[in-house]
Amino acid sequence: MASKIAIIGTGYVGLTTGACLSHLGHSVVCADVVPEKVDALSRGEVPILEAGLDELVHEGLSSGQLRFVLGAENAVGDAEFVFLCVPTPQSDDGSADLSYIEAAAEQIGPHLQPETIVINKSTVPVGSTRVVERALGRGDVHVVSNPEFLREGSAVHDFLNPDRVVIGADDQSAAIRVAGMYLGLAAPLQVTDPASAEIIKYASNAFLATKISYVNAIAALCEAVGADVNDVVLGMGYDKRIGNAFLRPGPGWGGSCFPKDSRALVKIAEEAGYDFGLLRGVIDVNEEQFERVADKVRRLAGGDLSGKRIAAWGLTFKARTDDLRESPSLEILRRLRALGATVRAHDPAVRAAHADPRLEGIEVVDDPYAACEDAEVLVVLTEWDEFKWHDFDKVAGLMAGRRVLDARNLLERSALKRRGFEYEGIGRG
Ligand code: UDX
Ligand code: UDX
């Protein structure tokens, strides 16, 4: 059955959620506080890189099922469901900052119809449904937790093909109404209490981060004993209990979720009287990985980076997104610059003209080869597929030294060695 839905916040999560729900046949109004964003989206211009999202936004705009408005209060007047998709950034002490969520709830409270269901989609700590209930100031509406499990870059696919839909509600009839919105999707549906739903989200992200830190630690061990982590991971992944997903070694994990969610979960545990030492270790291994990669570049460059030029391919926190939030790549380049290196970088999703304070001190170029001119070392930091197919004869001719640090184990090692490159990956002897 088609529902009337409002989405508050049109970022990666809100926009994907809104566009996918309109694709499923619902009538969706998305609100944001940034006028330029609302105008652009109303014209069908999608400000983020997300596979398949442009098509769904166009589809929704032309069918009239999807609209964009300025101001949360203007979206919720006749909504049966309101999704809160505003940011929940990390505050100074590591906990999640709920001020945007609370402000949005206070703003929409007076405008809601009775029996409306307000849904926390943003990642929020345990107890946030209560916080939202209080901020709404209404006794006649419901608050439900329905966490997102969308990977940037494949968020549309993940929304339409979920591994599960989790609904955390105290009220069974509210849970059933929320489930009705997802009837078009073939996915297991889990109804639980709000606290459990909130923990499912944190526990899932922290577990995935744990897998990656674990494999990065195994990679360090492989280097020390002369084993090849790619073969080790292949052998581990055949075991169905382990699986092969999220075991790619790399420069460490980043993005808008893992860093803040893992720190927030440590904090949630601390406040509840449990010392989550395991997860603190996972975070420590990740910080060490940034340092390990930076140190590998330093050693490849001959031990001293001062005055040396480094080429970098990849600035985003992973491939197929334009998102720079908490990117391991930027963290590693910051460390290289602190050691005296000059960095020229290329990323298929970050244009040279892109002005962003996070890129300060890095010369961004649109051409991958231009990044390599006079560089002592080329460091590959995100796993963009196209990096594999660049002309390495040309790269060799441009660089001051033929040295590659492949922090994603992406490139063809033998092809590089044939061209006289000194090649180093992660965890490969
Ligand atoms: C969201 C959640 O906020 C985060 O908790 C979760 O872990 C990941 O998903 P994301 O969609 O990636 O984050 O955030 P962002 O791309 O920054 O989008 C947030 C949007 O909300 C922006 O368009 C912003 O303009 C808008 N916004 C922000 C509001 O509409 N109102 C506000 O008060 C604040
Ligand atoms: C994550 C969750 O996967 C998703 O369910 C949702 O909760 C939002 O947060 P996202 O942040 O988009 O998604 O990225 P993800 O694909 O999970 O990757 C996170 C980080 O881990 C990236 O820096 C990525 O490069 C790294 N990673 C991932 C690895 O280093 N190795 C892997 O095997 C997988």
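A backbone N or O atom of Val 86 sits 2.6 Å from an oxygen atom of ligand 1, a polar contact (a pair of N or O atoms within 3.5 Å; within protein, one must be able to donate a hydrogen and the other to accept it, and residues adjacent in sequence count only if both atoms are side-chain atoms). This is a predicted model: local features need pLDDT of at least 70, side-chain atom pairs count only at pLDDT 80 or more, and totals for chains, interfaces and linings use all residues. Residues are numbered from 1 along each chain as its sequence is written, chains are lettered from A and ligands numbered from 1 in the order written, and side-chain values use heavy atoms, with hydrogens and water left out.

**Ligand 1**

- Pro 87 places a backbone N or O atom 3.3 Å from an oxygen atom of ligand 1.
- Ser 122 brings a side-chain N or O atom to 3.4 Å from an oxygen atom of ligand 1.
- Taken alone, ligand 1 exposes 690 Å², and the protein buries 87% of that (Shrake-Rupley method, 1.4 Å probe; for residues, only the protein chains shown count as cover).
- There are 20 residues around ligand 1 (a heavy atom within 4 Å). Val 13, Asp 32, Lys 37, Val 86 and Thr 88 come nearest.
- The shell around ligand 1 holds nine nonpolar, six polar and five charged residues (nonpolar: Ala, Val, Leu, Ile, Met, Phe, Trp, Tyr, Cys and Pro; charged: Asp, Glu, Lys and Arg; polar: the others, Gly among them).
- Domain 1 (4-192) and domain 2 (193-429) each supply at least three residues of that shell.

**Domains and their interface**

- The chain is divided into domain 1 (4-192) and domain 2 (193-429), with bounds from an automatic or database domain assignment.
- Their C-alpha centres lie 31 Å apart.
- In domain 1, 33 residues are in contact with 29 residues of domain 2 (heavy atoms within 4.5 Å).
- About 2400 Å² is buried between the domains, and carbon and sulfur atoms give 56% of it (accessible area, 1.4 Å probe, that two parts lose on being put together, summed over both).
- Three salt bridges cross the interface of domain 1 and domain 2 (a side-chain nitrogen of Lys or Arg within 4 Å of a carboxyl oxygen of Asp or Glu).
- Lys 201 forms a salt bridge with Glu 148; their closest N and O atoms are 2.9 Å apart.

**Ligand 2**

- Of the 18 residues around ligand 2, Glu 152, Arg 248, Phe 317, Lys 318 and Arg 408 come nearest.
- Glu 152 has a backbone N or O atom 2.6 Å from an oxygen atom of ligand 2.
- A polar backbone atom of Phe 317 is 3.0 Å from an oxygen atom of ligand 2.
- For a backbone N or O atom of Phe 149, the distance to an oxygen atom of ligand 2 is 3.4 Å.
- Ligand 2 exposes 660 Å² when taken alone, and the protein buries 96% of that.
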